[in-house]
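Subject: A structure for you to explore

Hi there,

Here is the structure I promised to pass on. Please open it beside this email, so that you can find each part as you read.

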Amino acid sequence: MSHLPVPKTYKLYIGGAFPRSESGRVYEVATAKGDFLANAAKASRKDARDAVVAARAAFGGWSGTTAYNRGQVLYRIAELLEGRSAQFVEELRLTDGITAAAALKQVETAIDTWVWYAGWADKYVQVTGNGNAVSGPYFNISTPEPTGVVAIIAPATQGLLGLVSVIAPVLVSGNTAVVVASETSPLSAITLSEVLATSDVPAGVVNVLTGSAAEIAPWLAGHADVNAVDLAGAEDLDWVDLQATAADTLKRVLPPEPGVPDATLGRITFFTETKTVWHTKALI
Amino acid sequence: MPASTTSFLDYAPAPESTSILNLADSYGLFINGEFVPANGKSFATISPATEKKITEIASADAHDVDLAVAAARRAFDRTWSTMSGADRGKYLFRIARLVQERARELAVAESLDNGKPIKESRDVDVPLVAAWFFYYAGWADKLDHAGLGPNPRALGVAAQVIPWNFPLLMLAWKIAPALAAGNTVVIKPAETTPLSALIFAEILQQADLPPGVVNIITGAGETGAALVNHPDVNKVAFTGSTAVGRMIAKSTAGTGKSVTLELGGKAANIVFDDAPLDQAVEGIVNGIFFNQGHVCCAGSRLLVQENVEAEVVERLKDRLKTLRLGDPLDKNTDIGAINSREQLDRIRELSDIGEAEGATRWTSPCEIPSKGFWFAPTIFTGVETSHRIARDEIFGPVLSVLTFRTPAEAISKANNTPYGLSAGIWTDKGSKILAVADQLRAGVIWANTFNRFDPASPFGGYKESGYGREGGRHGLAAYLKSGSNGGSTRKASR
């Protein structure tokens, strides 16, 4: 008996749920050849704000988990990505117009990147913090902490690897994220959201918006409850204006890079703050 | 004062002599190793304690800024970036020693120009300046261990703009790490406090620092803007108000300049009922009345547990009555002059707003000199989190007292600010310190102490208090970039 396929409705991922855009808008996602693939939700300013609220609400819990726990939760995502490999390959093949082999390569690199970052969760503090030999009776120690809510403009290319390369480093330290997915290659973002939703990552830690980055990004750059902005994929937007907007609330801003960013410790530490605590020693 | 009312608080004046100073009648700009005349209109720097002119200061215009940046660029290309780290370090060690040798002179100049008590400039500012250069001197040939991977590189020419509250100390915070990392510098001291920086220029000459490695240009906000926005500058480091910090972040957007900002604060100083109250009172006083409260990390919001509020406030008032306000050069002085009329006006305005909004004002009964800018230590009780005096940085000797019942409430109130520079915790319970410190969103936290600074200890804010760190290993990162193969990168074949 033949089976008529059941197409998926691609929605946003906010606060652990999959809502449609409150605006009711969708846009057509096409294959590289131009054939209709899906109607993806076209997120609005209100959706962006809802996502920031969800990310803020999730920050205390996620940043408060133990580093070992966070590392395991992140590693678990790599396990789930592996299981979904075939689906990612198929979607990337269609949206990015690449061969199945190239798509598989991208998925494998994305999984390896995720594992690499997961392993940093309980180490980056040791590597980037330190005790300080101050002149006085004080125990003085500097440790990095997550910056807070990070808005991310995902790379426009390599739908899955691009996303992973910007989301994973932000999550490692305990930040929460609002991600604007690649406009032309959003299917991986929705599927990754499904992975996150069925993993142990708490609701709201990652929020994914699809639609026009040019439309949504200014609202995120100007939002007073966003602490940092990763403009990785904003090269084709007016990113200088976004950075200037972010200056109003003194956000930390990582400028765009061509292609997909390398996996580096620097991408973790950029979204952290160093806290230095002076503990008085008794004079005995 | 009649003999019958004398007490242990009475004392004979013990002013530090200004004869140690050998000031010129006017100062030019320090560019390429020598003092040169400026194009802008010169201005007087005055003593805020007497309103008397100290000397005449040059004002750099855009052309002068060009010359200074060009000198820094030449020095970077030809001298400083090719010199070994060990030799750069030796110059910094020399500077540290020269600062120690001329410590008395620098302290007197600082108190004269800034208005801060000589006991602070002598015992805090200047010793820390020497310590800062000494600390970073040793880093200059050890940059592989700075945390940016092997062979980190200098950024180039650093534009540095510093405030008037710790003129020479802020200069040291900026210049020492920049030079250790191999950058050259153009620095602009604040308009009202250029004096110690100009004496420091003489120290650079004595140290025989190669010309152009450090250029010191004086002037007001326009000079600073020209410097920060100069196209040949690679790095901008600013300490000052959040408003100006925003402007700098905006104007440098998209330029690729590396920027660090150390901005305002509204620090909570949290006193739990199990704190050693005598020490806490000393810490509260040090937290907000040190340097007339002209401290970005000042503990300007006292959060005191409700059941000890009355006792703490009473002890605080008793202690404040013993503070001596007056001549900054007098070794007995605790509270010096407000740095400028403009700042005094702001402190008065916000204090008046505090009263108008319903908080209760208490002012320490002390005699105010007839000349100069002064503001007696002031406490507001009954302050609510919505009051301007609980939200705006006053940058003066004004303490806002709020109360809390539970640690959770203290944390929530402490974090209820767009700033995040510093905080204090007073309790005898170590585990409580650690738990509360974990929850505070601030870059520097003092437990059972306040306003401690050390070159080995990173300093800087969260949120709208700015970004980047000064001090310690972290302070080097503000002036370095990873080498070509630097950082910890996942090697992937992609």
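Let's begin in a sheet of chain A. Strand β6 (residues 176-180) of chain A runs parallel to β7(A), and four bridges join the two. One of the pairs to look for is A177(A), whose bridge partner in β7(A) is V206(A). Strands here are DSSP runs of E with at least two residues, helices are runs of H or I with at least four, and both are numbered from the N terminus. Two strands pair if DSSP finds at least two bridges between them.

Before going further, please note that this is a predicted model: local features need pLDDT of at least 70, side-chain atom pairs count only at pLDDT 80 or more, and totals for chains, interfaces and linings use all residues. Residues are numbered from 1 along each chain as its sequence is written, while chains are lettered from A and ligands numbered from 1 in the order in which they are written.

Back to the sheet: it is open, has five strands in the order β7-β6-β5-β8-β9 (chain A), and its pairing is parallel. Why is one side of β7 and of β9 left without a neighbour? Both strands, β7 (206-209) and β9 (252-254) of chain A, stand at the edges with a single partner strand each, so one side of each has no neighbour in the sheet.

Next, two helices of chain A. The axes of helix α4 (residues 100-118) of chain A and α6(A) come within 9 Å and cross at roughly 5°; axes are lines fitted to C-alpha atoms, for helices over the stretch in contact, and angles run from 0 to 180 degrees between N-to-C directions. The two helices are therefore roughly parallel to each other, a label for angles under 35 degrees. Among the residues that meet there are W114(A) and Y117(A) from α4(A) and L160(A) and L161(A) from α6(A). Contact is counted when C-beta atoms, placed from the backbone, lie within 7 Å.

Q158(A) lies between β5 (149-153) and α6 (159-172) of chain A, and has a positive phi of about 50° although it is not a glycine. Most residues other than glycine have a negative phi. Is Q158(A) buried or exposed? With 26 C-beta neighbours inside 10 Å, Q158(A) counts as buried (20 or more other C-beta atoms within 10 Å; exposed is 12 or fewer, and partly exposed is in between).

In chain B, Q292(B) also has a positive phi, of about 55°, and is found in the loop between α9 (277-289) and β13 (301-305).

Strand β15 (residues 378-381) of chain B is covered on both faces: T378(B) and F380(B) on one side, and I379(B) and T381(B) on the other, are all buried. Four bridges join β15(B) to the antiparallel strand β14 (residues 360-363) of chain B, where W362(B) stands opposite I379(B). On to β16(B): there the bridge partner of I379(B) is L399(B).

Finally, where do the chains meet? In all, 38 residues of chain B are in contact with 36 residues of chain A. Strand β10 (residues 272-280) of chain A pairs with β18(B) in the parallel sense over four bridges, with V444(B) as the bridge partner of T276(A).

Happy exploring!

Definitions and conventions:
Two residues are in contact if their C-beta atoms, placed from the backbone, lie within 7 Å. Angles under 35 degrees count as roughly parallel, over 145 as roughly antiparallel, 65 to 115 as roughly perpendicular and the rest as oblique.
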